[in-house]
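Hi everyone, thanks for coming. Let me put a structure on the screen, and then we can walk through it together.

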Amino acid sequence: MMRAVVAVAALMLAGCGSVPQERFYSLSNGLGAPATDAARTTLAAPAYYIEVPAVTVPKQATRNQLVVTTGAGRVDVLEQERWVSPPAAEIGQALSLAVSGELGTVDVFRAPVPDQAPVYRISTNVQRFESAPGQYALIDAVWSVRQVGSQQVLTCRSVAQEKVGAGYDELVAGHRRAVARIGADISKAVRALAGGNQPAC
């Protein structure tokens, strides 16, 4: 009898040990970070600033789990593969880092700025956020740039689709590249506005 109890207990422990571990992914982890502590420095005040308010995403992309396309019209929600924060926050932070890094400026959303300093507000509405492991990562976004205090607004659309290899690390890397491409489009528009030129999509 005792042997049977021990055997059952061992099976239960083995079952518990086989529960899959959750894995967490980020679109912005490491972006813009100095390589070492010695690389840290205080940057001079930029000629202008950016402001990246919260990004909006489709309802199906609001959950922390990775939502992947597995066939025509079918998606799977992966309980063990998760974003470290909701996709809207991940995309917003990654975009902020991409644009501020490209332009050599600072995102001052909800932060005070020096008097008379130009600030360019970047609003982003992600209309599609698609993940197809082994195939592609896609971000389709409508974004606008406007200097705070001005009525002039530039509204554009960027569709960034990246081929990806097998595995979720590759999928996340594809989304990072897609964010970088959209950030480059936005940066080009901000740079044109800051230079007094007429920007175009």
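**The sheet, the core and a disulfide**

Let's begin with an open sheet of 3 strands, in the order 1-4-3 and with mixed pairing. A word on terms: helices (H or I, at least four residues) and strands (E, at least two) are DSSP runs, numbered from the N terminus, and two strands pair if DSSP finds at least two bridges between them. Strand 1 (23-25) and strand 3 are the edge strands, each with a single partner, so one side of each has no neighbour in the sheet. From one strand to the next, the twist averages 55°.

Before going on, please keep in mind that this is a predicted model, where local features need pLDDT of at least 70 and side-chain atom pairs count only at pLDDT 80 or more, while totals for chains, interfaces and linings use all residues. Residues are numbered from 1 along each chain as its sequence is written, and side-chain values use heavy atoms, leaving out hydrogens and water.

Back to the sheet. Strands 3 and 4 run antiparallel and are joined by 6 bridges. Thr69 stands opposite Val75 in strand 4. Helix 3 packs on the sheet, touching strand 1, strand 3 and strand 4, and its direction makes about 95° with that of strand 4. Contact here means heavy atoms within 4.5 Å; axes are lines fitted to C-alpha atoms, for helices over the stretch in contact, with angles from 0 to 180 degrees between N-to-C directions.

Now, which residues touch the most other members of the largest nonpolar core? They are Val145, Ile186 and Val190, out of 39 residues. Such a core is a set of buried Ala, Val, Leu, Ile, Met, Phe, Trp, Tyr and Cys residues joined through side-chain atoms within 4.5 Å. Helix 3 gives the most to this core, with 9 residues. Val145 has contacts that include Tyr120, Ile122, Leu154, Ile186 and Val190.

Finally, the disulfide, meaning a pair of cysteine sulfur atoms within 2.5 Å. The count is 1: Cys156 and Cys201, with sulfur atoms 1.9 Å apart. The link is left-handed, with -85° about the S-S bond. Cys156 lies in strand 7 (153-163) and Cys201 in the segment after helix 3 (168-194), so the pair ties together parts that are 45 residues apart in sequence.

Are these two cysteines buried or exposed? Cys156 is buried, at 5% relative accessible area, whereas Cys201 is exposed, at 69%. Buried means under 20%, exposed over 50%, and partly exposed in between, using a 1.4 Å probe and protein chains only.

How values were computed. Lists of a residue's contacts leave out its neighbours within four places in sequence.
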